[in-house]
Structures are given as C-alpha cells and as structure tokens.
Amino acid sequence: MRSRTRAIVAAAVLGTTALVGLSGCAATAGAESGEPLVGLVIKTQDNPFYVKMTEGAKSEAESLGLNLQIASGDGQSDVDSQITSVENFVAQGAKAILITPAGDGVVPALKKAQQAGILVLALDSPLGEGSGVDGTFATDNKQAGVLIGEWAKAYLGDTEARIATLDLSTDQIPVDVARNQGFLEGFGIDLADPSKMWDETDPRLAGYEVTDANEAGGRAGMEKLLQKDPTINLVYTINEPTAAGAYQAIAAAGLQDQVTIVSVDGGCPGVSNVQDGIIAATSMQFPLDMAAQALQAVDAWLADGTKPENSPGLDFTNTGVTLITDQPQDGVESEDTTFGLEKCWG
C-alpha cells in the first residue's frame, strides 16, 4: 500500500511541475506572436485532473494559433484567487476566459468579463443560469455518480449497505452536489432535495466528511468516519485522490476486505488503483477532450461570433463519461481497466 501511495503522490507532483512550466511557456510564446489571448483559470495545481486539462488546452491552443495563459487558485474552493485571475485577464485584453469555477462567488467577475466583450466558458463545474458564462463544457457529473451508484448496488446485492460519503466541501458546489446526489440516486437512496447534499434520512447512510478533494483530506475524513462507525462497508468519494487517501485509512484499520470504494475521475493513477483493487469502480471523464472542445468553441467565436450549443436535454455540452471496473455487473454498462489505461483522461 505504501508503494502505491508513493506512486500516486509522485504522479501528482510531476503533474504540478509540468503545469507551472506550461503556463510560462504559453505566456511567452503568445506575447511574441500577437496571437489572441485566452485565459484558463483552474481551481488548483495539486490535482492531476487539472494538469491533464491544461495539457489538452496547450495542445489545442498551439494548433489553433491562440495565446493560452494559465492561472490557478490555491485549492478547490479558492474563489478569491479565481476572481483576481479573471480580473487580470480582463485587464490584459483577453478575448476569451475559460474557468473551472470554484463557486458562485466568482460570478460577478465573470459577468464583468462578459460586459467587456469577452467570451466566458465554464469547464468541468457548471454554474447556474445567468451566472456570466456563454457556454459550459463538462462531464455529466450526475450521470457519473449514477453509474457508480448503480454498480455499487448491484455489487453489494443482498448485503446491507453502510454508506459513507467523502465530499468536496461544505459550500454545496454544483459538481460536488451532482456527483453525490447521482451516486445516492443510482444506489436507490431517496433524495430529499436533489439540489443539496446531506439532507437524506435513509438509515443506510452512516455519515459524511469533507475533504477538499485531495489525498490528505480523504485519509483524515475516512479516519473520522471509521471512528464513528466501524461497520461502514461502502464509500463514495468525490474523486480518486480522495479515494486513495480513504484507502490508506481503511487499510490502516485492517478493513480493506470489508469496505468497497467507488469514485469519479478516470485518471491514469485512479484507473491503476482500480486495477490493483484499491478502488472498485470509477466513472471516467475526459478533461483533455473537454479543454480541446472549449478552445475549438473559442476559435469558432473569434471567427464568426458563434457560441457553443448545449447537448440535447442538458444545459451544458456533455464531454462524456464511462464506468471503469474489472468487476462488471449485469445491467450496468462498463469497460475494464485495460480500456481505462488506454483512454485515461483522453
């Protein structure tokens, strides 16, 4: 387990280093060439998901002749840094701003950017109607949750569930709510208010903790949950770094054969953890393609003012989700980890 953990941490560190270098290169090249400035504001550099997103954005920006500059907050909920980054891009004359919003607090800054004639696109984390974005490119996070919930229900069968959730934050961020509520719905838990977490009364729910969606938070949250209820046998996590931390706590308690972990992300380290039995099933999303599609939309808007269209029945452009597991269940469509390692975060 220790060797697996070191590998996960190493991958995240390498990804963060690559991100810092990427941002500098993009800014320098664009300044010299006079290409249209596009700002990408991500939540944090300590999550490989956003590292992969910037890789996809860099590649697509280079092919389209766009000057991509990247800014980052200091955590999943760091709205203040995102506001500053948006304001800086407006001041620099950006033609478009792409953002993975950390919360509704960034909305006034996005509206000011729109009023300045800047195209604003949200990535990964949708905001509500009238929130200052001209389009959203995202995983169907509710469906991602539904898939792992349905899988977990089928996998446990007649075993009585004791469910814990390891969520992002107390801020009821849309991506956090969608994944949590989708998972519970997929498992068959009655939702009190689908727009908020933790108001369900089902006795199978043992508790929840917030984690800031990282490995340390996952371990600390899982330790607290097991202290409260050592009979927990199913854990939903907001993402795979959280799942890796949760597994450390579970293994330290000697409960790795009792507890099943399901998650969302589909990053290469996470898929490897599915292959190794640390995570039982995960919903794979595609951040590289998400970023590429958003930059293609920027290019189209610059050419003729065309704005992106939503996917049918949704209020965003769906960039896809696939369940990954090596323990397929009847009635739940999935792919194995061989597929997952070939496609992870494509």
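Q: How do you know that helix 5 reaches close to the span expected for a helix of 16 residues?
A: Helix 5 covers residues 141-156 and reaches 23 Å from its first C-alpha to its last. The expected span is 1.5 Å times one less than the number of residues. Helices here are DSSP runs of H or I with at least four residues, strands are runs of E with at least two, and both are numbered from the N terminus.

This is a predicted model, where local features need pLDDT of at least 70, side-chain atom pairs count only at pLDDT 80 or more, and totals for chains, interfaces and linings use all residues. Residues are numbered from 1 along each chain as its sequence is written, and side-chain values use heavy atoms, with hydrogens and water left out.

Q: Why is Ser-125 called buried?
A: Buried means under 20% relative accessible area, exposed means over 50%, and partly exposed lies in between (1.4 Å probe, protein chains only). Ser-125 has a relative accessible area of 1%, so Ser-125 is buried. Its place is in the loop between strand 4 (119-123) and strand 5 (135-138).

Q: What makes the pair Ser-125 and Lys-43 a polar contact?
A: A polar contact is a pair of N or O atoms within 3.5 Å; within protein, one must be able to donate a hydrogen and the other to accept it, and residues adjacent in sequence count only if both atoms are side-chain atoms. The side chains of Ser-125 and Lys-43 are joined at 3.0 Å.

Q: Why is Ile-232 called buried?
A: Its relative accessible area is 0%, so Ile-232 is buried. Ile-232 lies in the loop between helix 7 (215-228) and strand 8.

Q: What does Ile-232 touch, leaving out residues up to four places away in sequence?
A: Contact means heavy atoms within 4.5 Å. Ile-232 touches residues including Arg-162, Met-222 and Gln-258. Ile-232 and Gln-258 are 26 residues apart in sequence, yet 8.0 Å apart in space, C-alpha to C-alpha.

Q: Which residues of helix 5 are buried?
A: Among them are Asn-141, Gly-145, Trp-151 and Leu-156. Their cover includes helix 6 (174-187) and strand 9 (260-265).

Q: What divides the lining of the largest pocket into nonpolar, polar and charged?
A: Ala, Val, Leu, Ile, Met, Phe, Trp, Tyr, Cys and Pro count as nonpolar, Asp, Glu, Lys and Arg as charged, and the others, Gly among them, as polar. The lining has 11 nonpolar, 6 polar and 4 charged residues.
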